[in-house]
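The points are grouped by topic.

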Amino acid sequence: MEQNEKNICALAIETFGPQSQFNMAIEECAELINALCKFRRGRVGTLDVVTEIADVQIMCEQLSYMFGEQTVADERKRKIERLQKRLTKYNGTNGK
């Protein structure tokens with residue numbers, strides 16, 4: 001995350017408080033779920049889903065800032081590596 005984004009995350013948490021941002025993250029995830037369900041049924045377009053993805057990403061950046069960016073980055077890396085192993089096993093390839 002760029003320094004300016006870190007500053008914005010810190011200011012949002014300071015301004016609204018951690019509990020409020022936790023609640024906002026939950027709300028944004030729910031809105032993404034709703035948009036995906038509607039998209040699947042053809043009731044909303046791609047832009048609606050993209051907008052909700054962006055909102056969730058912003059909230060995830062704030063959560064990452066609160067819980068420790070490096071800790072989250074390390075866990076993300078571990079999970080990506082685990083996914084790669086599963087895909088390699090599933091596809092019967094060597095990962096290339």
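In this predicted model, helix α2 runs over residues 18–40 and has 23 residues. From its first C-alpha to its last, α2 reaches 33 Å, close to the 33 Å expected at 1.5 Å a residue.

- Gln 21, Ala 25, Glu 28, Leu 32 and Ala 35 are the buried residues of α2.
- The cover over these buried residues includes α1 (3–16) and α3 (46–67).

**Packing of α3 and α4**

- Two packed helices are described by the angle between their axes and the distance between the axes.
- For α3 and helix α4 (residues 69–91), the angle is about 115 degrees and the axes are 6 Å apart.
- α3 is therefore roughly perpendicular to α4, since angles of 65 to 115 degrees count as such.
- On the α3 side, the residues in contact are Ser 64, Tyr 65 and Phe 67, and they meet Glu 69, Thr 71 and Val 72 in α4.
- The residues of this contact divide into three nonpolar, two polar and one charged.

- The structure holds three salt bridges.
- One of them pairs Glu 69 with Lys 6, with the closest N and O atoms 3.9 Å apart.
- This pair links distant parts of the chain, as Glu 69 lies in helix α4 and Lys 6 in helix α1, 63 residues apart.
- Glu 69 has a relative accessibility of 24%, so it counts as partly exposed.
- Lys 6 is also partly exposed, because its relative accessible area is 24%.
- Glu 69 also takes part in the contact of α4 with α3.

- An α-helix has 3.6 residues a turn, so residues three or four places apart point the same way.
- Glu 75 forms a salt bridge with Arg 78, and the closest N and O atoms are 2.6 Å apart.
- Both Glu 75 and Arg 78 lie in helix α4, three residues apart, about one turn of the helix.
- Glu 75 is partly exposed at a relative accessible area of 32%, and Arg 78 is partly exposed at 39%.
- Glu 81 forms a salt bridge with Lys 77, with 4.0 Å between the closest N and O atoms.
- Glu 81 and Lys 77 both lie in helix α4, four residues apart, about one turn of the helix.
- Glu 81 is partly exposed, with a relative accessible area of 37%, whereas Lys 77 counts as exposed at 53% relative accessibility.

Conventions:
Residues numbered from 1 in each chain as written. Predicted model: local features only at pLDDT ≥ 70, side-chain atom pairs only at ≥ 80, totals over all residues. Heavy atoms only, no water. Helix = DSSP H or I, 4+ residues; strand = E, 2+ residues; numbered from the N terminus. Expected span 1.5 Å × (residues − 1). Buried < 20%, exposed > 50% of the residue type's maximum accessible area, 1.4 Å probe, protein only. Contact = heavy atoms within 4.5 Å. Axes fitted to C-alpha atoms, helices over the stretch in contact; angles between N-to-C directions. Parallel < 35°, antiparallel > 145°, perpendicular 65-115°, else oblique. Nonpolar A, V, L, I, M, F, W, Y, C, P; charged D, E, K, R; others polar. Salt bridge = Lys/Arg side-chain N within 4 Å of Asp/Glu carboxyl O.
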